[in-house]
Amino acid sequence: MTQQVAAAPAKLDAAVLKVAGVVVLGAIMSILDVTVVSVALPTFQNDFDASYARVAWTMTGYTLALATVIPLAGWAADRFGTKRLYMTALALFTIGSALCASADSIGQLIAYRVLQGLGGGMLMPLGMTIMTRAAGPNRIGRLMAVLGIPMLLGPIAGPILGGWLIDAVGWHWIFLINLPIGVIALIYAQVALPKDAPEPSESFDFLGMLMLSPGLALFLYGISSLPEAGTFGDPEVWGPMLVGAALLVAFVLYSFRPRHPLLDLRLFANRNLTVAAVTLFVFIIAFMGAGLLFPSYFLQVRGESTLAAGLLMAPQGIGAMITMPIAGTLADRVPVGRTVPFALALIVLGFFSFTQVDPNTSYVLLCGSLFVMGLGMGGTMMPIMTSALRTLSAHDVARGSTLVNILQQIGGSVGAAVMSVILTNELNGSTVIPGVTDPESGKPVTEAGLAIASQQQPQLLEQFPVPQELIDRGLGFAAHSFGGTFWVAFALVVLTFVPAAFLSRRRERPDLLDGGQGEQTRTPVGIH
């Protein structure tokens with residue numbers, strides 16, 4: 001029998017906000033680290049003499065590690081307690097940050113970023129579980145608005161902070177800055193989070209994890225090897241992709257067999273969750289993948305400092321800051337199917353300018369476009385996540401949030417890998433300068449490669465005396481390469497309208513959901 005639960009207070013009270021402070025601080029660390037590193041990729045290219053596709057693994061490896069431990073978080077929280085596990089994740093993230101700062105090769109940095117991601121991956125799903133239990137289902141929209149604070153601060157503060165630190169004291173400090181934040185977060189968590197009450201946990205699906213994580217890593221590794229291999233026919237490309245794809249298909253087929261699978265794909269029987277998850281996945285691939293390239297365009301084509309590139313990215317975060325709280329409140333009152341398409345339209349409108357970039361595109365136009373895209377982003381992500389979780393029963397919320405979070409991280413990994421590969425392939429098509437080779441690697445130097453390098457290191461033009469016309473041609477080719485990559489992302493954002501058209505246009509009533517008893521709790525009730 002379905003029982004109506006007592007309505008929770010409409011506003012988030014002091015007890016919930018106290019817990020929210022801990023969760024937001026942890027999320028700031030995790031999200032800020034993504035946006036801080038985004039402006040450092042060209043610096044990593046120069047310092048470690050690596051291709052863009054290679055250094056992009058500092059992002060891809062991090063997000064893959066996030067995706068790996070997200071399913072583990074729910075099981076471990078039941079077994080060890082949310083407070084204890086949350087503090088362990090904070091400590092692991094902080095230790096990983098210190099190791100990243102000590103890396104002296106791109107391989108080491110990628111490995112330490114994976115370790116950092118193992119800690120960071122548990123922060124958001126654990127935080128969402130802690131706050132969802134504290135706030136109750138009928139305040140989930142306001143809850144998502146609070147959890148959106150790090151997403152507001154990350155796009156604004158991350159690139160600016162990262163740019164300033166790189167210019168002032170070096171890239172190592174974009175990781176060292178996490179140390180004091182981590183210590184403060186650990187102390188705050190010890191004081192603010194309620195005492196642990198571990199319960200007998202469900203069995204953990206280790207077999208599923210052994211298929212999903214290596215499958216994703218191998219598939220994306222194969223994709224990222226394409227620029228250096230030059231063709232899909234190279235065994236280094238198709239070998240890992242084939243094995244990875246086989247593991248992923250096996251995982252999907254296997255996941256319907258265990259009672260407690262790693263990812264409960266049975267939740268896709270809930271139409272709202274399915275539509276929201278597909279919409280979010282396609283959107284994340286496009287927007288997060290292209291988002292890594294925005295600061296790289298300012299750095300490599302326009303020759304801006306890392307601080308200036310970070311400041312130029314700020315309008316996007318400001319736009320999101322305006323709309324995200326509004327969208328969170330509206331999500332409790334207006335069906336997301338009536339709001340998200342308008343937000344997506346703003347993203348498409350702003351995104352189009354970047355498909356037309358050249359070496360002299362107006363900053364007013366680009367910053368205005370980033371602002372419009374930010375407005376759309378703020379009205380897209382949180383409402384979609386709200387739609388995914390709102391109609392789940394209390395029993396299913398934890399598994400649903402795990403599913404949504406891992407899809408978000410997988411989408412980010414796929415987006416980072418695919419967009420970096422497309423850009424690298426485009427740049428590899430630049431004309432080789434006859435008789436000019438890199439003295440360190442012995443490889444031929446292209447017009448675009450020299451033009452990009454000279455933007456950050458003008459002294460290279462003394463080492464390689466070439467006509468200005470060649471540099472201008474190289475910059476034009478580089479800008480065209482960025483524009484071509486943005487066209488792919490633009491097409492994916494437009495494609496997001498297809499699943500978004502199926503988002504719910506009716507208002508669900510989560511306050512009538514029961515505590516997870518019976519199949520009827522998996523669907524919204526009270527809808528006429």
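Q: How many residues does the protein have, and what percentage of them count as buried?
A: The model is a predicted one. The protein has 528 residues, of which 57% count as buried. Its secondary structure comes to 24 helices and 2 strands. Among contacts between residues at least 6 apart in sequence, 81% join residues at least 24 apart.

Q: Why is Gln316 called buried?
A: Buried means under 20% relative accessible area. Gln316 has a relative accessible area of 8%, so it is buried. The residue is found in helix 16, residues 306-330. Neighbours within four places in sequence left aside, Gln316 is in contact with Phe287, Phe294, Leu370, Phe371, Met373 and Gly374.

Q: What makes Gly350 a buried residue?
A: The relative accessible area of Gly350 is 2%. The cut-off is under 20%, and Gly350 is therefore buried. Gly350 lies in helix 17. With neighbours within four places in sequence left out, its contacts are Ser369, Val372 and Met373. Gly350 and Gly376 are 26 residues apart in sequence, and their C-alpha atoms are 8.8 Å apart in space.

Q: How do you know whether Val275 is buried or exposed?
A: The relative accessibility of Val275 is 12%. Since buried means under 20%, Val275 counts as buried. Its place is in helix 14, residues 271-291. Not counting residues up to four places away in sequence, Val275 touches Pro499, Phe502 and Leu503. From Val275 to Val498 there are 223 residues in sequence and 9.8 Å in space, C-alpha to C-alpha.

Q: Which class of accessibility does Asp49 fall into, and why?
A: Buried is under 20% and exposed is over 50%, with partly exposed in between. Asp49 is at 46% relative accessibility, so it counts as partly exposed. Asp49 is found in the loop between helix 2 and helix 3 (52-55). Although Asp49 is not a glycine, it has a positive phi of about 50 degrees.

Q: Why is the pair of Phe44 and Trp171 called edge-to-face?
A: Rings pair if their centres lie within 6.5 Å, and planes over 60 degrees apart count as edge-to-face. For Phe44 and Trp171 the centres are 5.4 Å apart and the planes are at 90 degrees, which gives an edge-to-face pair. Phe44 lies in helix 2 and Trp171 in the loop between helix 8 (149-168) and helix 9 (173-176), so the pair ties together parts that are 127 residues apart in sequence. Both Phe44 and Trp171 are buried.

Q: How do you know what kind of pair Phe354 and Phe486 form?
A: The ring centres of Phe354 and Phe486 are 5.6 Å apart and the planes are at 70 degrees, so the pair is edge-to-face. Phe354 is in the loop between helix 17 (340-351) and helix 18 (363-378), and Phe486 is in helix 23, 132 residues apart. Phe354 and Phe486 are buried.

Q: Which residues do ring pairs link into a cluster?
A: The cluster takes in Phe294, Tyr297, Phe298, Phe351, Phe352, Phe354, Tyr363, Phe482, Phe486, Trp487 and Phe490. In the whole structure, 19 aromatic pairs are found.

Q: Why are helix 15 and helix 23 called roughly antiparallel?
A: Angles over 145 degrees count as roughly antiparallel. Helix 15 (residues 293-300) and helix 23 (residues 468-495) pack at an angle of about 170 degrees, with axes 11 Å apart. The two helices are therefore roughly antiparallel to each other. Helix 15 makes the contact with Leu293, Phe294, Ser296, Tyr297 and Gln300, and helix 23 with Leu475, Phe482, Thr485 and Phe486. By class, this contact has 6 nonpolar, 3 polar and no charged residues.

Q: What makes Arg113 a charge over the ring of Tyr62?
A: One condition is that CZ of Arg is within 6 Å of the ring centre. The charged end of Arg113 is 4.2 Å from the centre of the Tyr62 ring and sits over that ring.

Key:
Residues numbered from 1 in each chain as written. Predicted model: local features only at pLDDT ≥ 70, side-chain atom pairs only at ≥ 80, totals over all residues. Heavy atoms only, no water. Axes fitted to C-alpha atoms, helices over the stretch in contact; angles between N-to-C directions. Helix = DSSP H or I, 4+ residues; strand = E, 2+ residues; numbered from the N terminus. Parallel < 35°, antiparallel > 145°, perpendicular 65-115°, else oblique. Contact = heavy atoms within 4.5 Å. Nonpolar A, V, L, I, M, F, W, Y, C, P; charged D, E, K, R; others polar. Phe/Tyr/Trp six-rings, centres within 6.5 Å; stacked < 30°, edge-to-face > 60°. Buried < 20%, exposed > 50% of the residue type's maximum accessible area, 1.4 Å probe, protein only. Lys NZ or Arg CZ within 6 Å of the ring centre and 35° of its normal.
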